[in-house]
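Here is a short tour of a protein fold, written for someone who would rather look at the molecule than read a list. Please keep the structure open beside the text as you go.

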Amino acid sequence: MSRKLFTDALIVNEGTTRRGWVLTDGPVITATGEGRFTGDADETIDCGGAYLIPGVIDTHVHFRDPGLTEKADMATESAAAVAGGVTSFVDMPNTRPATVTMADVTAKEARAAEVSEANYGFFIGATNDNLDELLNADYSRVAGVKLFLGSSTGNMLVDNEALLDDLFDKSPAVIAVHAEDENIIRAAREYLSARHPEGIPVELHPDMRPREACIAATRHAIELAGRHGARVHICHISTAEELALIKEAKARGVNVTAETCPQYLLFDRNDFITLGSRVKCNPAIKDASDRIALIRELRPGGAIDTIATDHAPHLASQKEGDALTAASGMPMIQYSLPAMLDLIDNDPDAEGIGIERVVELMCHAPARIFGIEKRGFIRPGYAADLVMVEKLPLPGHKVTDSEVVSRCGWTPLDGRTLGYAVRRTVVNGDTEPEPLKFNQK
């Protein structure tokens, strides 16, 4: 085993920042403390006063493997993850074939074991006819059930109400919901198509997938969870109204948690003017007032529990077109951590949110919500997943498409200057990545 010593670090963990050291032995953290370390190590890494945080756990990624690997695969996207300080990811099921059986999960695990640079886990996807498979899945190997209440990439829409009642009544695991109402989306699309027969302009994407679709589906998911006592995790919250629904549900004891993504905190619909389809994603980017509301709910006690990326790469050529034809989704995993740290430093609506809260949202809470064992915290006996991140001197680092690790080769942050950079990412003490283990009891 190789003993690594990280010295002179600003260790951010469990709500505090303290100057000290962390010692690892192979894949495990063995000790941590303040001041100077006086023992021996095989390798000493002088952090020079940089932050040292637990590895980021991104519980919402689309690595496109299998079946969509012209866009990305587990090798390229896990490399992008590690470049951005993400040491563990949980991949979504809308691949080709879709991940809707334990056999599909096993195949993904085998692929990840061969090529992934980060620790890996997977959701199993709900369909209108696989309830038995979901109820008998091995949730020590699976993060939970992914449920699409609105169609998106890899259309896995579930619209059978009897099945939804059964799923929410019997699921032994967290149900992670893509909450958009398909009927509202369909009506909006037909309305706009009739008025724009030449093609719906991309800047109308927030009207084609309107806020009302998100609000209705989130309300529906909360109602199902409350009625059946299920654990529900609402993915990629994008509207102020959903925040109000989440807060009210939590207040009356519904077991609901909420995720938002960097794109909803960094962009609003005005950015379509300059960035076009680069900021087209599902759910759609909404109004400036929604972005502000989301940022404010990042504070302790707010409606938002986690930040995940919904990393969804497409080739640049696939992003060409209008609101109907341009692919929805964007790569975010390489820059999620630096971008969130930059946001809390520079956005006036983020006043009072510190790096400790970012670590809670991106490291601690994902591990807690999905029962990810021995990760997400800097604790003796936990996995040696660590990230050294540095606050840069002015003017900071200007992001460019040319440095993107993802196979897609572009980022919506091209040209943006960030005040933080990931200097080193350690996965399992730099031993082999591992499959994530889940305990949701």
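Two strands are said to pair if DSSP finds at least two bridges between them. Strands (E, at least two residues) and helices (H or I, at least four) are DSSP runs, numbered from the N terminus. With that in hand, strand S5 (residues 51-54) and strand S14 (residues 386-391) pair in the antiparallel sense over 4 bridges. You can find Ile53 opposite Val387 in S14. S14 is also joined to strand S17 (residues 420-426) by 6 bridges, and these two run antiparallel. There, Lys391 has Tyr420 of S17 as its bridge partner.

A word on what you are looking at: this is a predicted model, where local features need pLDDT of at least 70, side-chain atom pairs count only at pLDDT 80 or more, and totals for chains, interfaces and linings use all residues. Residues are numbered from 1 along each chain as its sequence is written, and side-chain values use heavy atoms, with hydrogens and water left out.

Glu43 forms one with Arg424, and their closest N and O atoms are 3.4 Å apart. This pair links distant parts of the chain, with Glu43 in strand S4 (residues 43-46) and Arg424 in strand S17, 381 residues apart. The whole structure holds 29 salt bridges.

Now turn to the open sheet. Its 8 strands follow the order S6-S7-S8-S9-S10-S11-S12-S13, with parallel pairing. Strand S6 (56-61) and strand S13 (306-307) are the edge strands, each pairing on one side only. S6 pairs with strand S7 (residues 86-91) in the parallel sense over 4 bridges, and Val61 stands opposite Asp91 in S7. Helix H13 (residues 355-369) packs on this sheet, touching S6, strand S11 (232-234), strand S12 (256-260) and S13. Contact here means heavy atoms within 4.5 Å. The direction of H13 makes about 65° with that of S6; axes are lines fitted to C-alpha atoms, for helices over the stretch in contact, and angles run from 0 to 180 degrees between N-to-C directions.

| Helix pair | Axis separation | Angle |
|---|---|---|
| H4 (residues 161-170) and H7 (residues 211-228) | 9 Å apart | about 50° |
| H8 (residues 240-251) and H11 (residues 288-296) | within 8 Å | roughly 35° |

In the second pair, Ala240, Glu241 and Leu243 of H8 meet Asp290, Ala293 and Leu294 of H11.

Finally, have a look at some backbone details. A cis peptide bond joins Asp65 to Pro66, with omega about 15°. Arg64 is found in the loop between S6 and H1 too, and Arg64 has a positive phi of about 70° although it is not a glycine. Another cis peptide bond runs from Leu394 to Pro395, with omega near 10°; Pro395 lies in the loop between S14 and strand S15 (397-398).

Note on methods. A salt bridge is a side-chain nitrogen of Lys or Arg within 4 Å of a carboxyl oxygen of Asp or Glu.
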